[in-house]
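The following paragraphs lead the reader through selected packing features of a protein chain. Please keep the sequence and the coordinates in view while reading.

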Amino acid sequence: MTQENPVNILVVDDEPTGLVALEAVLIGPGRNVVKARSGREALRHVLSTDFAVILLDVQMPGMDGFETAALIRERERSRATPIIFLTATMRNEAAAFKGYEVGAVDYLFKPVVPEILRCKVEVFVELARKTAQLRVLNEQLEDQATQLSAANGELEAFSHSVSHDLQAPIRQIGGFAQALSRECEQMLPEIGRDYLQRIDAATKRMTELVHDLLGLARVARAEIRRIPLDLSDISRSVAAELRKSAPRREVEFLVASPLMAHGDPGLLRIAIENLMGNAWKYSGRNATATIEVGSMIGDDGAEIYYVRDDGVGFDMAYADKLFAPFQRLHSSSEFEGTGIGLATVQRIVHRHGGRIWAESAPQKGATFYFTLR
């Protein structure tokens, strides 16, 4: 808090000289000392102002400190306000317990030692400052949450637009190109047939890109359902699908078992599909290839899962590009893809509270590690 928003301290004493003395001890930058000469006057201040701490004399005519404290505690906003009782005569345990019952956090005996009073009050003043800062931060977080909710709504609308408004025209372009090729191929010169092939390839790539973008958006929004699961079962299932896609390839899958984890089965399957799909793709030039899925224990005792291949690998100097959408370390002419798969994996891992990284070298394969919490 600044001078413009000082911390308020309420001092209650029926003796004017006592009020002046307390004010002289407590006044300082960023503090506003409010004085009251009776319990009723103190209650009026409490109704309109929030205080970091209240210094309350026990023995006052009319309404004493105990009665005043009890009424202060009835107000919702002052229910937790620290109260320090000031007394010149009360030194028996029964009276002290009565004070604590009505909300006292401490007792100080008159004459008050200024240094002790200043130190005790400073604790509550600093607590009030931190509480005010926390309140501002919470308000900012609420505003950000509202903005995020609105952004998610816009993203949902955008995803629908991409799904409907973009995919339909792409399908039409591809369909007309195929119809033209089928019905008019003999009438077209060689360059015309080449153009049609390029149109067909471009529409297929655009369709794949839109599909992957939608998948990335769904991963970011999907509600996570955490359950115990075995990643080895998912990995073996993905391996079987990869074999069907190219049955003539000689690829050995080494899947450790069990690979127990706790997470969303749908999202983690997408992650494993992308990691194993990359390993399959980038080892495609090998006469024989090996893809390994396993785990190990990290230095902190946490389990680290990995997918390893013996494919073309990559230069670690460019590793910072791996998980950024549309960033590729190999050209599309070398290996097909949209550059979204690893970004999707990273989103899934982060949503599970984990992290992902890779180790590789050119022509020496790659290993992708990830953790889950």
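This is a predicted model: local features need pLDDT of at least 70, side-chain atom pairs count only at pLDDT 80 or more; totals for chains, interfaces and linings use all residues.

Helix 8 and helix 9 cross with a left-handed sense. Two packed helices are described by the angle between their axes and the distance between the axes. For helix 8 and helix 9, the axes come within 9 Å and cross at roughly 145 degrees. On the side of helix 8, the contact is made by L267, L268, I270, A271, N274, L275 and N278, and helix 9 contributes G341, L342, T344, V345 and I348. Sorted by class, the residues of this contact comprise 8 nonpolar, 4 polar and no charged.

Leaving aside residues up to four places away in sequence, T344 touches L216, V219, I270 and N274.

V219 is found in helix 6, residues 190-221. With a relative accessible area of 3%, V219 is buried. Again not counting residues up to four places away in sequence, V219 touches L267, I270, T344, R347, I348 and R351. Among these partners, L267 and I270 are residues of helix 8 that take part in its contact with helix 9, and T344 and I348 are residues of helix 9 in that contact.

The axes of helix 2 (residues 39-48) and helix 3 (residues 65-74) come within 10 Å and cross at roughly 20 degrees. Helix 2 and helix 3 are therefore roughly parallel to each other, because angles under 35 degrees count as such. Their crossing is right-handed. In helix 2 the residues G39, A42, L43 and V46 meet T68, L71 and I72 of helix 3. This contact of helix 2 with helix 3 has 5 nonpolar, 2 polar and no charged residues.

The aromatic side chains form the next topic. A pair of aromatic rings is described by the distance of the centres and the angle of the planes. How many aromatic pairs does the count give? The count comes to 8 aromatic pairs. In one of them, the ring centres of F85 and Y107 lie 5.5 Å apart with the planes at 35 degrees, so this pair is tilted. F85 lies in strand 4 (residues 83-87) and Y107 in strand 5 (residues 104-109), so the pair ties together parts that are 22 residues apart in sequence. F85 and Y107 are both buried. Together with F66, these two residues form one aromatic cluster.

The pair of F253 and W280 has another geometry. The centres of the two rings are 6.1 Å apart and the planes stand at 5 degrees, so the pair of F253 and W280 is stacked. F253 lies in strand 7 (residues 250-255) and W280 in helix 8 (residues 265-282), so this pair ties together parts that are 27 residues apart in sequence. F253 and W280 are each buried. With W280 the description returns to helix 8, the helix whose left-handed crossing with helix 9 opened this account.

How values were computed: Residues are numbered from 1 along each chain as its sequence is written. Side-chain values use heavy atoms; hydrogens and water are left out. Axes are lines fitted to C-alpha atoms, for helices over the stretch in contact, and angles run from 0 to 180 degrees between N-to-C directions. Helices (H or I, at least four residues) and strands (E, at least two) are DSSP runs, numbered from the N terminus. Angles under 35 degrees count as roughly parallel, over 145 as roughly antiparallel, 65 to 115 as roughly perpendicular and the rest as oblique. A crossing is left-handed if the near helix is turned anticlockwise from the far one by less than a right angle, and right-handed if clockwise. Contact means heavy atoms within 4.5 Å. Ala, Val, Leu, Ile, Met, Phe, Trp, Tyr, Cys and Pro count as nonpolar, Asp, Glu, Lys and Arg as charged, and the others, Gly among them, as polar. Rings of Phe, Tyr and Trp (its six-membered ring) pair if their centres lie within 6.5 Å; planes under 30 degrees apart count as stacked, over 60 as edge-to-face and the rest as tilted. Buried means under 20% relative accessible area, exposed over 50%, partly exposed in between (1.4 Å probe, protein chains only).
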